[in-house]
Each structure stands twice: as C-alpha cells, then as structure tokens.
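The points below are grouped by topic.

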Amino acid sequence: MMRKRMPSPFSFPALKKDDKVIVTAGKDKGKVGKIIKVDRLYHHVYVENINMIKKAIKPNQTSREGGFITKENFLNASNVMLECPHCHKPTRIAHKFFENGTKSRICKKCNEVIDQKK
Ligand SMILES: [Zn+2]
C-alpha cells in the first residue's frame, strides 16, 4: 500500500460521477458500481450499492417515521479503479492533451479515450 500525502484535491484520481468502477479493497472488493458522488478534498467516492451502511433516522418533519435507511458510505478513492468502457478492464487513467486545449482521460491499458465527446 502506498501512503497518501496530505489530502489535496489536486492529487485526486481522475474519477467522475457516473464512472463505472471496480472496488479493489474492503468488504465489497471485486464489486462493480457507478460513482454517485465524489469528494475531491478527502479522496472519497460514493459508489451505488457499494459499502452500504445502515443509518438510524429520527422522526421529523420530512420523514414520517423514524427507522433505518441504508445508504452508501464513502470508499477511499485509492480503493477503486475505473473500469474502462472499451476494454472492460480495471485501469489507471492517463490524460491526453489536445492541440485545441481540451484534455481527455484515456485508458492506460488500451489507450482509448474514456470520456465521450460533448
Ligand atoms: Zn481500456
């Protein structure tokens, strides 16, 4: 395991909401899910149906009754890997810079552009 330095939004892996990722550590290791939220400062990602926790909720104005809800808990961004939409392998992300100033994420395994053109 590599030690992380100070939390910084700049060293955050290039993961985005709606990316399909594979969990590489923890109780949900090997599972695949879609990123629903990222926290760049703390390097947290929330993946749909992964690392679910039960949360007690108290009755209040918005929820008619108290009880439990299950919701996603964060995963460390270093414990997930992007699944490449082209070669379908867990991959690291490289960046490719184009002459017009745009950049795209590319798969280090197959060198295909991961982001769709907008
Ligand atoms: Zn690939």
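The protein has zero helices and 10 strands. The model is a predicted one. Read along the sequence, the pattern is β-β-β-β-β-β-β-β-β-β. Of the 118 residues in the protein, 18% are buried. Among contacts with a separation of 6 or more, 41% are between residues 24 or more positions apart.

**The six-stranded sheet**

- Six strands form an open sheet with antiparallel pairing, in the order β6-β3-β2-β1-β7-β8.
- The edges are held by β6 (75-76) and β8 (90-91), and each has a single partner strand, so one side of each is left without a neighbour in the sheet.
- Strands β1 and β2 run antiparallel and are joined by three bridges. Within this pair, Ile22 has Val32 in β2 as its bridge partner.
- Strands β1 and β7 also run antiparallel, and three bridges join them. Here Val21 stands opposite Leu82 in β7.
- Strand β3 covers residues 44-47 and is joined to β6 by two bridges, with the two strands antiparallel. Leu75 in β6 is the bridge partner of Val45.
- As background, strands of a sheet pair through backbone hydrogen bonds, either parallel or antiparallel.

- Strand β9 (residues 93-97) and strand β10 (residues 103-107) run antiparallel and are joined by five bridges.
- One of the residues bridged here is Ile93, whose partner in β10 is Cys107.

**The nonpolar core**

- The largest nonpolar core has 16 residues. Val21, Val23, Ile35, Val45, Val47, Leu75 and Val80 have the most contacts inside it.
- At least two residues of this core come from each of β1 (20-23), β2 (32-39), β3, β7 (80-83) and β10.
- Strand β1 gives the most to the core, with three residues.
- Both domain 1 (9-83) and domain 2 (91-118) give residues to this core, so the core lies between them.
- In soluble globular proteins, nonpolar side chains tend to be buried together.

**Ile36 in strand β2**

- Ile36 is placed in strand β2.
- Is Ile36 buried, partly exposed or exposed? Ile36 counts as partly exposed because it has 14 C-beta neighbours inside 10 Å, while a buried residue needs 20 or more.
- Apart from neighbours within four places in sequence, the contacts of Ile36 are Lys17, Tyr46, Val47, Glu48 and Glu72.
- Ile36 and Lys20 are 16 residues apart in sequence, and their C-alpha atoms are 9.8 Å apart in space.

**Two residues with positive phi**

- Most residues other than glycine have a negative phi.
- His43 is not a glycine, yet has a positive phi of about 60°. The place of His43 is in the loop between β2 and β3. His43 has 21 C-beta neighbours inside 10 Å and therefore counts as buried.
- Asn49 is not a glycine either, and has a positive phi of about 60°. Asn49 is found in the loop between β3 and β4 (52-57). With 13 C-beta neighbours inside 10 Å, Asn49 counts as partly exposed.

**The annotated span**

- An unreviewed UniProt entry lists residues 14-41 as "domain: KOW".
- In the model, this span is 0% helix and 43% strand. The C-alpha atoms at the ends of residues 14-41 lie 13 Å apart.

Conventions:
Residues are numbered from 1 along each chain as its sequence is written. This is a predicted model: local features need pLDDT of at least 70, side-chain atom pairs count only at pLDDT 80 or more; totals for chains, interfaces and linings use all residues. Two strands pair if DSSP finds at least two bridges between them. Helices (H or I, at least four residues) and strands (E, at least two) are DSSP runs, numbered from the N terminus. UniProt positions are given in the numbering used here, feature names are shortened, and annotations may be inferred rather than shown by experiment. A residue is buried if 20 or more other C-beta atoms lie within 10 Å of its own, exposed if 12 or fewer, and partly exposed in between; C-beta atoms are placed from the backbone. Two residues are in contact if their C-beta atoms, placed from the backbone, lie within 7 Å. A nonpolar core is a set of buried Ala, Val, Leu, Ile, Met, Phe, Trp, Tyr and Cys residues joined through C-beta atoms within 7 Å. Domain bounds come from an automatic or database domain assignment.
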